[in-house]
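Reader: I have a structure open and some questions about it. Can we go through a few residues and how the helices pack?

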Amino acid sequence: RREMLDQVGLLDERFFFSAEDVDIGWRAQLMGWKCVYSPQAVVYHKLQATGGGSIASYHNGRNFIFLIVKNYPWSLLRKNLGAVIGAQWNISVEAVRAFRGKAARARLKGQLVGLLYIPLMLKSRWQIMSQRTVSDKELLLVLTPVDEVL
């Protein structure tokens, strides 16, 4: 809805390549908007699809750290910190094991850049959390456990 975009804001251009949809979904959930899953929905891209490879690996490594820092409520992060850090660690370990691969090196570089950008994401976080309207209990109803997404 247009009202949701007016309240939540548009896609964050800092994400650029991936997870910008997840970011806007997080912000919408935090501000009380509900989502409906419609498997029949079709989205058409006006431009060519971006695909995978090292570019995707870099942006996924960086942007998932952006997501955590920008949108994950501290109260829930404290409870799930071991799982969140463990998931990122496991991704890093797998990338190190495949270090000769260009995509693996890109993923590690993306994670490092994500960590370096934490101060920038914290500025956005303050604004988002100041507008949060839902409780931890409500968020837990829609969040997937960390270990289920690996």
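Reader: Where is D23?
Author: D23 is in helix α2; helices (H or I, at least four residues) and strands (E, at least two) are DSSP runs, numbered from the N terminus. The model is predicted: local features need pLDDT of at least 70, side-chain atom pairs count only at pLDDT 80 or more, and totals for chains, interfaces and linings use all residues. Residues are numbered from 1 along each chain as its sequence is written, and side-chain values use heavy atoms, with hydrogens and water left out.

Reader: Is D23 buried or exposed?
Author: D23 counts as buried because its relative accessibility is 0%. Buried means under 20% relative accessible area, exposed over 50%, partly exposed in between (1.4 Å probe, protein chains only).

Reader: Which side chain does D23 join in a polar contact?
Author: That of K70, at 3.0 Å. A polar contact is a pair of N or O atoms within 3.5 Å; within protein, one must be able to donate a hydrogen and the other to accept it, and residues adjacent in sequence count only if both atoms are side-chain atoms.

Reader: New topic. At what angle do α2 and α3 pack?
Author: About 15°, with the axes 10 Å apart. Axes are lines fitted to C-alpha atoms, for helices over the stretch in contact, and angles run from 0 to 180 degrees between N-to-C directions.

Reader: What does that make them?
Author: Roughly parallel to each other; angles under 35 degrees count as roughly parallel, over 145 as roughly antiparallel, 65 to 115 as roughly perpendicular and the rest as oblique.

Reader: And R62?
Author: R62 lies in helix α3 and is buried, with a relative accessible area of 10%. Its side chain makes a polar contact with the side chain of H59 (3.4 Å).
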